[in-house]
Amino acid sequence: MALLDALYYDAEDHELLRVVNRFLERDRHAAHGTIQKDFYAALHPHGIKELAVSKEIRVAYAVVNLLDSLESGGTVEDRLNALQNLHDEVLYTTSRDFRYNTGRVLIQIMKHLIRAHGDHEEQLKAAHDFRTAAGGRRRTVRAMLRRHHLVEMPEEWNQAAFDNHVHDANTKGRKSPTHLIMDAWLKGIRELNVVYYNFVEPGAVEELLRAAAIMDIKVRVGVEFQARFRGRHVQLIWEPRGFADYREMISFLEEKPTQHLMRMGREASLHHHRYVIRLLERYNESMRHEIGREFGVRPDPIPEEEILFLVGIGQTSRTHLAELIVRGLRRAFAPVFEDMRARMPDASPEERARMREQAERIDSLTPDDILDTWLLPENNPDIPLPHMEQDGNVPELLRLLPTTLVDWLSSIRGTCHITLNVSMLTVEDVLELLYECEGLISHLELFNLKNYNAGRMEHLEAISGLHYALNEGSTVALKRLIRKIVQDYGCRVGDGAGERCRLFTEILRNIPRLQSYYRFTPLRVRIGSDSSGRAARVHGMGFAFPETLTPSALKHWGGPDSHR
């Protein structure tokens, strides 16, 4: 290995790796003793720092320092200062004509190098790639972009790349606002809508908008509320607008009407927290035994303190519980896997196939799999959804109708966007909501990647047709669509079909009224991933067997030849 290192890697590769690992291993005094003085944020990258340390080491230190501040739970100022330092290093010290793509590659390679901590060979490869990419040669950087699954972006940084629905650690996400912005920049995203549930804290808004300003990313802040609609709920996202900077938005959040809304939102979120805790109790009492039998393991109960620790500053969600369930299943499978691995050399082909299948099932399991199978409301009918309990038990905010809610939100901030998430809604539902809310719904979240993957957007085509007909001002197209709806409901019985048929007949007779709501300001569209970044956190534990049991494979897996 030493000979290979000497042949393929030079002294600078080893020095870069040494600096990074000394930092990762928390030998902070030793790591900082020789280079910390060169990294004061007040020193410009083109100033005295150039005389002391190579640009590769400086950029590496900036990336490591930011990632460390994100993982160690430092203060907001620590994270923002580290982000500013990283921004300056990657944009001022890399190639002038290819600096954005070079900077993105350098950050991604350094993240890989840090994740590979403990694997010397893999880290050394990453260190060499880092130094090679730092030169900024287009051909080299493009190769690295492909290797790390990053799309090349125009150096003018004017790409139309956006995500209209993401979450940070203040809701169900795992990333702080600073971390979220860094990853968005890394992916080449220039516009981001960050959505919070029921309320938003001023501190979260400040960190988010300051980080976005550093990285030149346009960010909108949205608060998602749930309104009652025909025996279920609909999701409406409120985006107050028209602020010059984060200070103006924080001042708005401190106004009395907004504070009253946020106070009611906190009550709604606390109510949802109790719902998740009831699901946790159900898991500990019975669900874990059922899941355990399906996967061939015996998971331990999950203490309530564990979910509170995972949630941290966020809001308790079924996503958090699903992540803990996956972790528990993998912990329970670890000793089973060790026993299977020891028995595998003497097992029959059929037994080996069964072992491999079980290992792959556990290793590929994600929180979404648990959410969509075990934690669905229909699978736990005796634990009603927070907004569907008896009115006396439900906070006022969760009892509001869509018309009441949008009127209230618009009165608090006239300059705002209100987005309707169309997942789980039919074209009839969307038509009724647009008509009843009298144009106060400004956007449709027409595509939500998470819900689309879960099969919750089966009416997307029909809703898109309604959106197109409305914005085109096509009376003929609207009449055709609404007549079909009236005919369909005219053939139905029960479940309020008659009442809805009369409503759609009224809309058919008042198409000019419906069109007037969007004549001067078209009904716009949002497209989002609904990403929380949590799936990436529940990494597999490597429960995978070699395809063939060669002597070298047996040695690797601790088989009977491992002593040789």
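**Close-up 1. Strands S4 and S5 run antiparallel and are joined by five bridges.** The model shown here is predicted, so that local features need pLDDT of at least 70 and side-chain atom pairs count only at pLDDT 80 or more, while totals for chains, interfaces and linings use all residues. Residues are numbered from 1 along each chain as its sequence is written, and side-chain values use heavy atoms, with hydrogens and water left out. Strands (E, at least two residues) and helices (H or I, at least four residues) are DSSP runs numbered from the N terminus, and two strands are said to pair if DSSP finds at least two bridges between them. Isoleucine 237 has threonine 419 of S5 as its bridge partner, and threonine 419 in turn has histidine 443 of S6 as its bridge partner. The chain crosses from S5 through helix H19 to S6 in a right-handed β-α-β crossover, a term used if, with the strands pointing away from the viewer, the path from the first strand over the helix to the second runs clockwise.

**Close-up 2. Strand S5 (residues 416-421) pairs with strand S6 (residues 443-448) in the parallel sense.** Three bridges connect S5 and S6, and asparagine 421 stands opposite glutamate 445 of S6. S5 is mostly covered, six of its six residues being buried, where buried means under 20% relative accessible area, exposed over 50%, and partly exposed in between (1.4 Å probe, protein chains only). In a regular strand the side chains alternate between the two faces of the sheet. From S5, Cys416, Ile418 and Leu420 point one way, whereas His417, Thr419 and Asn421 point the other way, and all are buried.

**Close-up 3. Seven strands form an open sheet with mixed pairing.** The strands follow the order S1-S2-S3-S4-S5-S6-S7. Strand S1 (162-166) and strand S7 (524-528) stand at the edges, and because each has a single partner strand, one side of each is left without a neighbour in the sheet. Neighbouring strands of this sheet are turned by 30° against each other on average, direction ignored; axes are lines fitted to C-alpha atoms, for helices over the stretch in contact, and angles run from 0 to 180 degrees between N-to-C directions. Strands of a sheet pair through backbone hydrogen bonds, either parallel or antiparallel.

**Close-up 4. Helix H19 (residues 427-436) lies across strands S3, S4, S5 and S6.** The helix runs at about 100° to S3, which spans residues 218-229, while S4 spans residues 232-240. In the loop between H19 and S6 is glutamate 438, whose phi is near 55°, a positive value in a residue other than glycine. Glutamate 438 counts as partly exposed at 47% relative accessibility, whereas cysteine 437 counts as buried at 3%.

**Close-up 5. Tryptophan 157 is found in the loop between helix H9 (138-147) and S1.** The phi of tryptophan 157 is near 55°, which is positive in a residue other than glycine. Tryptophan 157 is buried, its relative accessible area being 3%.

**Close-up 6. Threonine 258 is found in helix H13 (residues 256-295).** This threonine is buried, with a relative accessible area of 0%. Leaving aside neighbours within four places in sequence, threonine 258 is in contact (heavy atoms within 4.5 Å) with Phe252, Leu253 and Ile412. Although threonine 258 and isoleucine 412 are 154 residues apart along the chain, their C-alpha atoms are separated by 6.8 Å.

**Close-up 7. Aspartate 13 has its place in helix H2 (residues 11-24).** Aspartate 13 counts as buried at 0% relative accessibility. When its neighbours within four places in sequence are left aside, aspartate 13 is in contact with Leu124, Ala127, His128 and Arg131.

**Overview. The protein chain has 25 helices and seven strands.** Of its 564 residues, 52% count as buried, and among contacts between residues at least 6 apart in sequence, 75% join residues at least 24 apart. A search of the whole structure finds zero disulfides, a disulfide being a pair of cysteine sulfur atoms within 2.5 Å.
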